[in-house]
Amino acid sequence: MNKSDIKILIVEDEALIAEEIKSTLELFGYTVAGIVMNGDKVMDTILFTNPNLILLDINIKGSKSGIDIAKTLNKNYQIPFLFLTALSDASTLERVKETLPYGYVLKPFNETALKVNIELALYKHQTATLKNTLSKKHIEDSYQTSLSDREFSILKAFATGLSYQKTAENHCISINTVKSYQKRLYQLFNVDSKVALIQKLHRL
């Protein structure tokens, strides 16, 4: 997926900050799905815009805070979100932890920190989705190939971001053996890197 195809929804009730965030996201190459300035309108906007990622302020106008919205997202949606807030006190952080956000960026935000958090959030969501949806039969049918159970297991390890060391430990094999399987998978899928391999799987 190209960056321009990724839609990010901004939940921020200060107009100047919202516009600054919008300009920054567009500078990064993302598409802004919209700006929501009232917590009570977020869910309707999500249904209308279908964003790939949501940036949440914690203190926002309306009856629902950013944390309330995050809890609803966890319960009813499969959309990654990260907090973009000025709050960093211990009490707020404890409440935030319960929502399992994909990132946490403090305002006034640093462009690099925001960019890194967004990229990591999207990657983590992609790998989590792959982990839950990868099917050996679907892959074999799509690419007209055959995978052993071990090859499929290592393919899933790569797709979900595991290191060589962790993959080797999980399969009780050496790192060199993992790399041998890697070479075989690259040949099967006609790629030359883990990134290219994961991108192919996302296109299934």
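A: Two strands count as paired if DSSP finds at least two bridges between them. Strands (E, at least two residues) and helices (H or I, at least four) are DSSP runs, numbered from the N terminus. The model is predicted, so local features need pLDDT of at least 70 and side-chain atom pairs count only at pLDDT 80 or more, while totals for chains, interfaces and linings use all residues. Residues are numbered from 1 along each chain as its sequence is written, and side-chain values use heavy atoms, leaving out hydrogens and water.

Start with β1 (residues 7–11) and β2 (residues 31–36). They run parallel, joined by five bridges. Within this pair, I8 is opposite V32 of β2.

Now the helix itself. The 14 residues of α1 should span 20 Å at 1.5 Å a residue, and its end C-alpha atoms are 20 Å apart, which agrees. The expected span is 1.5 Å times one less than the number of residues. Buried in α1 are I17, A18, I21, T24, L25 and F28. They cover an arc of only 125 degrees around the axis, so they sit on the same side of α1. That arc is taken from the directions from the helix axis to the C-beta atoms. L16 and L27, on the other side of α1, are exposed. Buried is under 20% relative accessible area, exposed over 50%, and partly exposed in between (1.4 Å probe, protein chains only). After α1 comes G29, with a positive phi near 105 degrees.

Next, the sheet. It is open, with five strands in the order β2-β1-β3-β4-β5 and parallel pairing. β2 and β5 (104–106) are at the edges with a single partner strand each, so one side of each lacks a neighbour in the sheet.

Finally, the packing. α1 lies across β1, β2, β3 and β4 (81–85), at about 170 degrees to β2. Helix α3 (residues 66–76) also packs on the sheet, touching β1, β3 and β4, and makes about 175 degrees with the direction of β4. Contact means heavy atoms within 4.5 Å. Angles run from 0 to 180 degrees between N-to-C directions, with axes fitted to C-alpha atoms, for helices over the stretch in contact.
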